[in-house]
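Please open the structure in a viewer and keep the selection panel at hand.

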Amino acid sequence: MSVPRVDVVTIFPDYLAPLDLSLIGKARTSGLVDLRVHDLREHAHDRHRTVDDSPFGGGAGMVMRPDVWERAIEATASHRRSGAEGDGDGVDEGGTDGRALVVLVPTPSGRPLTQAFAQELADELGAGDRVRAVVACGRYEGIDARLVPALRERSDVDRVVEFSLGDFVLNGGEVAALALLEAVVRLLPGVLGNPESVVEESFSHEAVLEYPVFTRPARWEDREVPPVLLSGDHGAVARWRRAQSLTRTVQRRPELLARLDGLDAVDLATLAAAGVVPGRHGRLIGPVTVRRAVAGEGALVADLAATTFALACPDETTMADIRAHVAAHLSPRAFEAHLASADDAVLLACDVGDVPLGYAVVRTGAPSADAPAHDGTGAELSKCYVLPRAQGSGVARALVAAAVRHARAAGADHLWLGVNARNAAAIAFYTRAGFAVVGERTYRVGEVDHHDHVMVKDLAPGVAD
Ligand code: JD8
């Protein structure tokens with residue numbers, strides 16, 4: 001089996017000197033990987049060894065020439081390692097390396113480098129015989145855009161992958177190449193002393209962050225090590241570490257939660273304690289944040305409103321009535337009016353990534369005609385709706401709590417709402433939230449009058465949100 005091989009082409013070969021160090025350095029000297037670094041300028045044909053030229057269309061900086069790059073990449077196939085390096089694997093004995101090329105091009109516009117990508121590449125290179133890799137490190141303003149499509153048409157090229165290290169701008173591809181090689185080479189067979197350790201790593205087979213680690217001294221600057229780690233109870237240690245990984249992931253990288261699966265009851269309890277619960281369809285919801293919607297988000301709220309209102313209507317409500325109601329009261333214009341009014345607060349409950357899950361409208365101005373008789377100052381929870389997939393995940397509770405805080409802050413001593421008298425689930429929910437039925441009202445949807453209960457929650461100090 002051939003040794004996994006990666007060639008790196010750059011105008012700064014010394015930038016790749018770190019590949020001689022540490023784990024990768026050992027892997028190279030022990031023949032577990034064949035890493036070669038090439039100077040692009042060796043493939044320039046003019047006496048100034050020019051690899052770049054001014055950009056067509058004008059603009060600052062220089063662009064790297066495609067022809068020099070193609071020659072450099074092509075030449076790796078027949079590259080013979082000098083001196084001692086040449087002995088042993090027989091691939092370069094005067095011949096060429098017949099393996100197909102995976103060309104890796106670092107660029108800010110590439111697909112983000114991930115552990116899954118590194119593992120996929122390590123598995124392929126580790127299999128040894130089918131492919132080898134070439135990393136093309138650009139500089140200046142980048143490489144002429146015709147190179148990648150041209151390489152993709154070559155019979156000796158398996159594929160070309162443009163990858164990025166992350167959403168920040170570097171001056172060239174070398175740093176990205178170093179990161180990619182460290183992430184890939186450590187996954188090659190025999191490189192890591194204890195491949196087991198890979199299993200526990202962040203992003204390895206599961207998108208959770210690593211747990212915190214500790215070592216001697218057990219007491220440092222009056223800082224203790226978590227006692228469980230000194231307990232010798234390996235089961236407890238494993239459970240603690242798992243809980244730490246999950247909690248850290250919720251706090252630091254909640255967007256990774258969407259990729260989590262195979263969670264057991266203990267995991268779900270840990271996540272619930274961190275505000276993350278399975279939604280109606282099993283997908284994890286949360287941590288949920290409630291914020292004020294701002295001017296310009298009228299259409300976003302109207303979308304949410306139209307969807308959730310229709311689903312909350314009694315079955316016999318006609319689509320015509322629903323459409324008429326939505327057009328009259330739940331349009332983007334209607335919500336922009338709420339957003340512009342000092343007496344209205346439009347609250348948005350959002351999942352990770354600011355994805356709306358539900359909304360509420362709290363009105364603190366002059367009471368509407370159907371406000372319940374009350375000698376105090378009331379606020380109206382005029383709308384409170386949650387998308388189906390988030391129902392049962394605490395989103396409505398978070399919205400009501402935020403509405404109560406807003407009403408209190410506006411000086412209200414009670415919060416009232418109307419709820420369809422036949423919506424048992426909603427009535428039960430509001431009753432658990434501290435509302436009580438105090439009256440009835442008629443609520444028109446399209447051409448049909450519906451019977452609503454009017455419910456009130458006392459906001460006296462000490463009453464829970
Ligand atoms: C390759 C040239 C510099 C980039 C003009 C600054 C990766 N995550 C990443 N950020 N930046 C790079 C990267 C930058 C590169 C090259 C990768 C080749 N530059 C250019 C475009 C704007 N200069 C990267 N991976």
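The stops that follow go from the domains to individual elements and residues. The model is a predicted one, and this should be kept in mind at each stop.

**The two domains**

Begin by colouring residues 5–198 as domain 1 and residues 289–458 as domain 2, the two domains into which the protein chain is divided. How far apart are the centres of domain 1 and domain 2? Taken over C-alpha atoms, the centres are separated by 57 Å.

**Leu 35 in strand E2**

Next, select strand E2, residues 34–39, and pick out Leu 35 within that strand. Leu 35 counts as buried because its relative accessibility is 5%, under the 20% cut-off. Show its contacts: leaving aside residues up to four places away in sequence, Leu 35 touches Val 6, Leu 19, Ile 24, Arg 28, Leu 181 and Val 185.

Move to the loop between helix H2 (66–75) and strand E5, where Thr 76 is placed. Is Thr 76 buried or exposed? With a relative accessible area of 1%, Thr 76 is buried. Residues up to four places away in sequence not being counted, the contacts of Thr 76 are Arg 5, Asp 7, Val 9, His 38, Arg 132 and Val 134.

**Helix H3**

Now select residues 115–126, the twelve residues of helix H3. At 1.5 Å a residue, H3 should span 16 Å, and the 16 Å between its end C-alpha atoms agrees with this. Colour the buried residues of the helix: Gln 115, Phe 117, Ala 118, Leu 121, Ala 122, Glu 124, Leu 125 and Gly 126. What covers them? The cover includes strands E1 (5–10), E5 (100–112), E6 (131–136) and E7, together with helix H5. Past the helix, select Gly 128, which follows H3 and has a positive phi, near 80°.

**The annotated binding site**

The unreviewed UniProt entry carries a "binding site" annotation that covers Gly 138, Leu 165, Gly 166, Asp 167, Phe 168, Val 169 and Leu 170. Within this set, look at Gly 166, in the loop between strand E7 (157–164) and helix H5 (174–185). Val 169 also lies in the loop between E7 and H5. Gly 166 is buried, at a relative accessible area of 18%, whereas Val 169 is exposed, at 72%.

**The H9–H10 pair**

Turn to domain 2, residues 289–458, and show helix H9 (residues 298–312) with helix H10 (residues 319–329). The two helices pack at an angle of about 145°, and their axes are 10 Å apart. What is the handedness of the crossing of H9 and H10? The crossing is right-handed. To see the contact, display Ala 306, Phe 309 and Ala 310 from H9, which meet Ile 322, His 325 and Val 326 from H10.

**Glu 380 in strand E15**

For the last stop, select strand E15, residues 378–386, and centre on Glu 380. Glu 380 counts as buried, with a relative accessibility of 12%. Residues up to four places away in sequence aside, Glu 380 touches Val 361, Val 362, Arg 363, Ser 368, Leu 415, Trp 416 and Arg 441. A distance label from Glu 380 to Ala 403 will read 9.2 Å, C-alpha to C-alpha, for a sequence separation of 23 residues.

Notes
Residues are numbered from 1 along each chain as its sequence is written. This is a predicted model: local features need pLDDT of at least 70, side-chain atom pairs count only at pLDDT 80 or more; totals for chains, interfaces and linings use all residues. Side-chain values use heavy atoms; hydrogens and water are left out. UniProt positions are given in the numbering used here, feature names are shortened, and annotations may be inferred rather than shown by experiment. Helices (H or I, at least four residues) and strands (E, at least two) are DSSP runs, numbered from the N terminus. Buried means under 20% relative accessible area, exposed over 50%, partly exposed in between (1.4 Å probe, protein chains only). The expected span of a helix is 1.5 Å times one less than its number of residues. Contact means heavy atoms within 4.5 Å. Domain bounds come from an automatic or database domain assignment. Axes are lines fitted to C-alpha atoms, for helices over the stretch in contact, and angles run from 0 to 180 degrees between N-to-C directions. A crossing is left-handed if the near helix is turned anticlockwise from the far one by less than a right angle, and right-handed if clockwise.
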